[in-house]
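Here is a short report on side-chain interactions in one protein chain. Please keep the sequence and the model at hand while reading.

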Amino acid sequence: MNDTRQQIILLADELIRTRGFNAFSYADIAQQLQIRNAAVHYHFPTKPDLGIAVLAHEMELMHAAWEKWAKLPEDQQLQKFTQTFGIKSKRGQICLMGSLTPDYITFTPAMQEKVQEMATAITTWLTALLKSGREKKLLHFTGEPYDRALVTITSLQSSLLLARVIGPQAFGAISGQLLQDLRP
């Protein structure tokens with residue numbers, strides 16, 4: 001991948017997670033990367049094009065992580081998944097999907113579809129993980145795995161938001177309690 005294109009994607013990802021999608025401009029990217037606005041537009045003619053590229057990049061990383069974790073028991077995979085949120089918390093960031101959802105109605109249909117694709121991929125993976133983990137008695141919870149997946153992902157997303165306001169201990173408390181509640 002072109003270095004400039006990759007740098008733009010990575011910086012846009014950071015800006016989305018720290019400011020929100022609608023709170024930065026191509027000028028912000030150009031200034032921070034010390035390139036011209038035209039260079040950003042060359043790689044991403046529209047901001048939704050950039051948003052879709054950021055989502056695609058994140059989904060590649062997610063799928064690679066899930067593939068790597070697949071060899072681990074489900075409780076350890078869940079721990080790894082939670083740790084990815086912990087990394088974002090330490091950086092003062094929120095998760096990409098959590099950052100994009102407040103602006104969702106302002107997105108083009110193509111970008112909305114990509115956000116939906118990400119949300120579906122995460123909930124599908126997490127549902128299967130929870131179901132399998134419960135069947136193997138590595139995880140314990142009541143209710144349907146899909147419902148527990150929704151509770152888990154929203155708890156992790158919210159923990160990052162609260163950590164911004166009341167400090168990093170919020171993430172640790174919420175994620176720790178979440179994992180404890182899922183132990184047999």
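Predicted model: local features only at pLDDT ≥ 70, side-chain atom pairs only at ≥ 80, totals over all residues.

Residues are numbered from 1 along each chain as its sequence is written, and side-chain values use heavy atoms, with hydrogens and water left out.

**Salt bridges**

A salt bridge here is a side-chain nitrogen of Lys or Arg within 4 Å of a carboxyl oxygen of Asp or Glu. The count is 6. The table lists some of them.

| Salt bridge | Closest N to O distance |
|---|---|
| Arg19 and Asp28 | 3.3 Å |
| Glu117 and Lys114 | 3.6 Å |

Arg19 is partly exposed at 42%. Helices are DSSP runs of H or I with at least four residues, strands are runs of E with at least two, and both are numbered from the N terminus.

Helix α7 spans residues 109-135 and holds both Glu117 and Lys114. These two are 3 residues apart, about one helical turn. Glu117 is partly exposed at 38%, whereas Lys114 is buried at 17%. Lys131 and Glu135 also lie in helix α7, 4 residues apart, and about one helical turn separates them. Lys131 is partly exposed at 44%; Glu135 is exposed at 55%.

Salt bridges also join Asp13, Arg17 and Glu58 into a network.

**An annotated stretch**

The unreviewed UniProt entry marks residues 25-44 as "DNA-binding region". UniProt positions follow the numbering used here, feature names are shortened, and annotations may be inferred rather than shown by experiment. In the model, residues 25-44 are 75% helix and 0% strand. The end C-alpha atoms of this stretch are 12 Å apart.

**Aromatic rings**

Rings of Phe, Tyr and Trp (its six-membered ring) pair if their centres lie within 6.5 Å; planes under 30 degrees apart count as stacked, over 60 as edge-to-face and the rest as tilted. There are 7 aromatic pairs by this rule. One of them is Trp69 with Trp125, a tilted pair with 6.0 Å between centres and 55° between planes. Trp69 sits in helix α4 (residues 47-69) and Trp125 in helix α7, so this pair ties together parts 56 residues apart in sequence. Both tryptophans, Trp69 and Trp125, are buried. Tyr104 and Phe107 are edge-to-face, because their planes meet at 75° with ring centres 6.4 Å apart. Phe107 is buried at 7%. Ring pairs also link Trp66, Trp69, Phe81, Phe85 and Trp125 into a cluster.

**A lysine over two rings**

A charge sits over a ring if NZ of Lys or CZ of Arg is within 6 Å of the ring centre and within 35 degrees of the ring normal. Lys47 lies over the face of Phe21, 4.7 Å from the ring centre. The charged end of Lys47 also sits over the ring of Phe24, at 4.2 Å from its centre.

**Thr82**

Thr82 belongs to helix α5 (residues 74-90). Buried or exposed? Thr82 is buried, at 4% relative accessibility. Its side chain reaches the backbone oxygen of Leu78 at 2.9 Å. Beyond neighbours within four places in sequence, Thr82 is in contact (heavy atoms within 4.5 Å) with Leu156, Phe171, Ser175 and Leu179.

Technical notes. Buried < 20%, exposed > 50% of the residue type's maximum accessible area, 1.4 Å probe, protein only. Polar contact = N/O pair within 3.5 Å; in protein donor to acceptor, adjacent residues only side chain to side chain.
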